[in-house]
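Please brief me on this structure.

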Amino acid sequence: ARVLYEKRRLYHEIIQHHMERKDRAKILRACQKYKDSDQTLWLQALTYFAKQEDEDCTKQIKQVLASIERNNLLPPLMVIQILSRNKKIRLEVIKDYVIKNLQDQNALIISDEREIRNYQEDTEKMREEIEELKTSAKTFQGTKCHACTSALELPAVHFLCMHSYHQRCLVDNDKECPNCAPEFQKVLEMKKSMKSSSDAHDKFLQTIVRIE
């Protein structure tokens, strides 16, 4: 049966075959053997071992978690939720996995916060320039269109970031600089991502507490 499943690339059925025989070693070997063809086999294995309340599967769970973390296969919250269904699984079983993910998340947050501070400084400079415009004239000295790089000619549009364009090169949007807009959009997406990550981080910690 296994050879037939293998020829048909029915890897989940092969794992299920070993699960029905409660052969932990073969389950892990199959996950490792077919991982390049189907990474979701590790999820199938994790779910199986997490349901074994009458057996100690600590060693197998740690091995599966190592592969999940190494290949970034599942969100940490999902992993913890799967394991939390088994009340006998203690925090020490997933301690290394939790610590590694918390370190990675903190490093990402620090990096994002640093980049946002840089953008905030740029924004503050722009505000100062705007205030300066209210009291003094601003001379636009651009001679080339930042879109087509041809010599600038009327009608032209000048932005406070000092980028200038032919009106025809702006197509339907002359309200924001097409050169700077992606950076501002990046900041907005980063803030949204940080909020989402923060919420997921809180849920992650709450789930860990329930396991303890």
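This is a predicted model: local features need pLDDT of at least 70, side-chain atom pairs count only at pLDDT 80 or more; totals for chains, interfaces and linings use all residues.

Residues are numbered from 1 along each chain as its sequence is written, and side-chain values use heavy atoms, without hydrogens or water.

**Helix packing**
- Two packed helices are described by the angle between their axes and the distance between the axes.
- Helices (H or I, at least four residues) and strands (E, at least two) are DSSP runs, numbered from the N terminus.
- The axes of H2 (residues 11-20) and H4 (residues 41-50) come within 10 Å and cross at roughly 25°.
- Axes are lines fitted to C-alpha atoms, for helices over the stretch in contact, with angles from 0 to 180 degrees between N-to-C directions.
- H2 and H4 are therefore roughly parallel to each other (angles under 35 degrees).
- The crossing of H2 and H4 is right-handed, meaning that the near helix is turned clockwise from the far one by less than a right angle.

**A buried helix**
- H6 (76-83) is largely enclosed by the rest of the structure, because 6 of its 8 residues are buried.
- Buried means under 20% relative accessible area, exposed over 50%, and partly exposed in between (1.4 Å probe, protein chains only).
- The buried residues of H6 are Pro-76, Leu-77, Val-79, Ile-80, Ile-82 and Leu-83.

**Backbone features**
- Asn-72 sits in the loop between H5 (58-71) and H6.
- Asn-72 is not a glycine, yet has a positive phi of about 50°.
- Asn-72 is exposed, at 66% relative accessibility.
- Leu-154 and Pro-155 are joined by a cis peptide bond, with omega about -5°.
- Pro-155 belongs to the loop between H7 and E1.
- Met-162 also has a positive phi, near 75°, without being a glycine.
- Met-162 lies in the loop between E1 and E2 (164-166).

**A surface patch**
- Ile-130, Phe-140, Leu-160 and Met-162 form a nonpolar surface patch, with about 300 Å² of accessible area together.
- Patch residues have over 30% relative accessible area and no salt bridge; like charges are joined within 9 Å, nonpolar side chains (Val, Leu, Ile, Met, Phe, Trp, Tyr) within 5 Å.
- A salt bridge is a side-chain nitrogen of Lys or Arg within 4 Å of a carboxyl oxygen of Asp or Glu.
- Accessible areas come from the Shrake-Rupley method with a 1.4 Å probe; for residues, only the protein chains shown count as cover.
- Phe-140 is placed in the loop between H7 (91-135) and E1 (156-158).
- Phe-140 is partly exposed, at 30% relative accessible area.
- Met-162 is partly exposed, at 33%.

Notes:
Angles under 35 degrees count as roughly parallel, over 145 as roughly antiparallel, 65 to 115 as roughly perpendicular and the rest as oblique.
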